[in-house]
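Grab a pencil and work through these exercises with the model open beside you. Each task comes with a solution that goes step by step.

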Amino acid sequence: MPEELSSLFLSYYSKLIEKECILLSFERIFGGASRETYKIEVGHDVNKIERLILRVTQDSSLIETDQKTEYLAYSAYQDSSVPVPVLLDMSEDSDILGAPFMLMKELQGAAASPFTPNVYSPHEVELGEQFWSILGEIAKKEIQEDIFKSFLSELKEPCWKNELDKWAKVVHEDSIGVEPILEAGIRSLYKNPPKEPERITMVHGDYRSGNFLYLENQITGILDWEMAHLGNPLEDLAWALSPIWSWQDKERPAYLIEKEQAIEIWQNSSNINLDRKDLEWWELFAAIKGMAIWISAGNEFKSGKNIDPINLFSAWIPGDIHLEVILDFLEDRL
Amino acid sequence: MKPDINIALLNAAQEIINRFSPLIDDEYEKSRLSSWGAIILISAMKFNDSSSSLNQENADILEWLLKFTNLDEDDISEYGYEVTSEIQDISLMDTDNQILRGLLDRQMIVLEGNGDTEGLKASYTLMRAMHGRRKVSDLVGLLQQSES
């Protein structure tokens, strides 16, 4: 497949830029479990090298999302204070490369594993301030009308119910066994709903440690927008704060800065005064949503649809952690 | 036979992580192989007590059902679970486990409706014990150690 894909790509890209190109490298990289991601170097003209990232939809992926969602979300933040890659092209049909895809320029920087403690040391303070501030910027940004309208069809109010119904459905469709902790968590959320937000915003959907690029003390790009949607900005904040992303140092979400400091930066950047009780609801929701994703991954693996070990790994380790988070919430509320 | 399985899995994991994975240049394939190494390592660590843990979990759920709900052993057997002292294989124990977990879930709904704090508190304690025996997340440190 990579050889076939690389030759299809070369032919497609030469047509796109209307120049003869040569492929200098074409390498699959780890870009999450929902897309096949390739790092590409293309040469053309004299000594001109372009570094590109190609994201191709997988037949079977951890989270089923369409390519257009990610493309539109990236489009919404081009040339803004939220750093995102420059988009080059997108195709929803499979005629060109055998599957829908999105093409963008490569950004400098590296992404860390969200499960490695102190991975951002010694720059955790500078990166932490940027990480929480950018999240506030995502919520604050007025989204261009045509992009906003494209996302609007998916939005049913209240936002909390829209999201909870969606993820509870995934849990019930993909669960291989009964998990009483998870069911009790879902019931608790339905019984104690939060308020609706003052303003509907763009929600990244997977804003967390591991989904941004950084170069020393600078965040260079926010990635993986395939679960973007309109909704309550507290959803993103709670997901990023989830203890799963700093399991070995829960006081410093995402292994960056202290939780209270993170919330303060987010409030200043987003201009949103958060309600702590509502945030607590979204924090429990984050664990339920996480469980839905991990269960879905486990189902892919067990059914043989996708035996990438990341799927089993997700079902085991993050699944364990989020169950424990749900149990902690339930005990606190009793 | 049994101890050899543990040792074989542990050694296989070590070989994958430390010996074969570094030989691969392709970033994605390397990451994928390392993940397999981690999964085999976790399997080796949990292999020894998986059967006794499941057996204990079933006994604990049964005890909770009998103590905090109106169900007796006859009621529970109507759902397909039979109390037995015979040694069972893991797949049979797992089938029983799903029946018992389903009953635990349904009875918790009853307790929530009745506001039975004592029963719910006991159910959380039970679920924490169940989770504690099953979880593998405490092996994350070990995985990081083996990768480094």
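How far apart do the C-alpha centres of domain 1 of chain B and domain 2 of chain B lie?

Step 1: find the bounds. Domain 1 of chain B covers 2–48 and domain 2 covers 50–134; such bounds come from an automatic or database domain assignment.
Step 2: compare the centres. The two C-alpha centres lie 34 Å apart.

Before you go on, some ground rules: this is a predicted model, where local features need pLDDT of at least 70, side-chain atom pairs count only at pLDDT 80 or more, and totals for chains, interfaces and linings use all residues. Residues are numbered from 1 along each chain as its sequence is written, chains are lettered from A and ligands numbered from 1 in the order in which they are written, and side-chain values use heavy atoms, with hydrogens and water left out.

**Exercise 1. Describe chain A as a whole.**

Step 1: list its elements. Chain A has ten helices and nine strands; these are DSSP runs (helices H or I, at least four residues; strands E, at least two), numbered from the N terminus.
Step 2: look at its extent. The C-alpha trace of chain A spans about 70 × 45 × 40 Å along its principal axes.
Step 3: look inside. Of the 334 residues in chain A, 59% are buried, where buried means under 20% relative accessible area, exposed over 50%, and partly exposed in between (1.4 Å probe, protein chains only).

**Exercise 2. Check the span of helix 3 of chain A, then find what its buried residues pack against.**

Step 1: work out the expected span, which is 1.5 Å times one less than the number of residues. Helix 3 (residues 124–140) has 17 residues and should span 24 Å; its end C-alpha atoms are 24 Å apart, which agrees.
Step 2: pick out buried residues. Among them are A:Leu127, A:Phe131, A:Trp132 and A:Leu135.
Step 3: find the partners, using contact (heavy atoms within 4.5 Å). The buried residues of helix 3 pack against strand 6, strand 7, strand 8, helix 7 and helix 8 of chain A.

**Exercise 3. Place A:Lys289 in chain A.**

Step 1: locate it. A:Lys289 sits in helix 9 (residues 276–302).
Step 2: is A:Lys289 buried or exposed? A:Lys289 counts as buried because its relative accessibility is 2%.
Step 3: list its contacts. Setting aside residues up to four places away in sequence, A:Lys289 touches A:Trp167, A:Gly205, A:Met227, A:Glu235 and A:Trp239.
Step 4: compare sequence with space. A:Lys289 and A:Ala168 are 121 residues apart along the chain, yet their C-alpha atoms are separated by 7.9 Å.

**Exercise 4. Count the disulfides.**

Step 1: recall the test: a pair of cysteine sulfur atoms within 2.5 Å.
Step 2: apply it. Searching the whole structure gives zero disulfides over all chains.
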